[in-house]
Amino acid sequence: MAERMPVEEYLEGYAEVLAGVCATGRRLTREELEALRARGERAAEAGLGLRFLVRAHLAAARQVRPGGGRADDGRLLAAVEQAVDAFAEGHERAQTLAVRQEEAARREFIDDLLYGRSDLGRLAERAERFGLLLSHAHAVAVAQGPEPYGDGFPVSRAVESSLFARFGDRRILLTTKDGRLICVAPADEPDVLGHFAKQAYAATDGGGLVAVGRAHPGPGGVVHSYEEALNALDLAARMGLEGPVLHAADLLVYPVLTRDRQAMADLVSTVLGPVRQARGGARPLLDTLTAYFDSGCVTTEAARRLSLSVRAVTYRLDRIHRLTGVDPADPTQRYTLQTAVIGARLLGWPEREL
């Protein structure tokens, strides 16, 4: 449709300039070149493609008939080269500016979307420009790699190419924020976030971790899901949780446990405080309890994880029983001890004072 638009205003005076160059042998003046650049900018802003405009310039140049032989032909070609180059420079300059403005608008929208800093009604209107319908429910996945992600980075491009090659434009938003790769997808497209997680993990050669927030409706739902994903990554760092994919829905018990921080600190101090009296401090015994509970209270598996003998693990468990008065092998006492161990990991104890 753009190619059917009139181009006369962008060729005004062009033939006359070429004719003057052929007659005198001069080069285009600075004013003439700047006028061509300005026309190129206006043409780009009007949505006219550069290839179409170059073709129009060449067609207009064919109408100029230099009077004298090969020398005048050479002058004409040199003038056309100068003119088209200046016009294309202006066109590209406008295009670059438009891209930068679009990127700035997109970045501002993403910041407002993920931090909820804009009026929700206005935010929903802006979201449609970027392919999101915030009246629907959305979920957010956040990928964290060994190195920070950035727009245009090879890993980011690889994930983006794979995602859009498989799903096309299904109202997916892919971006980077604070060194992480973020994907926002409709709740009724769960395969999108699953594929995103798989590709983000593979692109880092297995060195990354992906957290997926729960789906929530409305503009505020994106913020909620994003925060859940970030909290899952934070939990993974504090608790040593293994990936490659963590789902916030599977980790809801941890926010419940830490909702009353003082109560949790009291539990850790009361139940686990005595293990500080052990030779070597609390850390070896705490690691033993962590491995024991993580292995389903199977002593042989805990020993394998700790690279210790079964006898050494059994001795440590007995030592914990004597110090705390709580038996890790007793099902009725195990829950209190395991909850205290989880609390210690969440609170960073014993390295951090409660």
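The model is predicted, so local features are taken at pLDDT of at least 70 and side-chain atom pairs at pLDDT 80 or more, while totals for chains, interfaces and linings use all residues. Residues are numbered from 1 along each chain as its sequence is written, and side-chain values rest on heavy atoms, with hydrogens and water left out.

To begin with the inside, the largest nonpolar core holds 57 residues. A core here is a set of buried Ala, Val, Leu, Ile, Met, Phe, Trp, Tyr and Cys residues joined through side-chain atoms within 4.5 Å. Buried stands for under 20% relative accessible area, exposed for over 50%, and partly exposed for what lies in between (1.4 Å probe, protein chains only). The residues with the most contacts inside this core are F109, L113, L132, L272, L289, L337 and W349. Helix α8 (residues 219–239) gives the most to this core, putting in eight residues; helices (H or I, at least four residues) and strands (E, at least two) are DSSP runs, numbered from the N terminus.

Setting aside its neighbours within four places in sequence, L132 touches F109, L113, A127, H138, R171, L173 and V184, where a contact is heavy atoms within 4.5 Å.

Turning to charges, the count comes to 14 salt bridges, each being a side-chain nitrogen of Lys or Arg within 4 Å of a carboxyl oxygen of Asp or Glu. K177 pairs up with D111, their closest N and O atoms lying 2.4 Å apart. This pair ties together distant parts of the chain, with K177 in strand β2 (residues 173–177) and D111 in helix α4 (residues 69–115), 66 residues apart. K177 counts as buried at 12% relative accessibility, and D111 is buried too, at 15%.

R214 and E228 make another salt bridge, with 2.6 Å between the closest N and O atoms. R214 sits in the loop between β4 (209–212) and β5 (216–217), and E228 belongs to helix α8, 14 residues apart. R214 is partly exposed at 31%, whereas E228 is buried at 11%.

E301 and R305 form a bridge at 3.1 Å between the closest N and O atoms. Both lie in helix α12 (residues 299–306), four residues apart, or about one turn of the helix. E301 is partly exposed at 22%, and R305 is partly exposed at 43%. Finally, E34, R37, E41, E89 and R93 are joined in a salt-bridge network.
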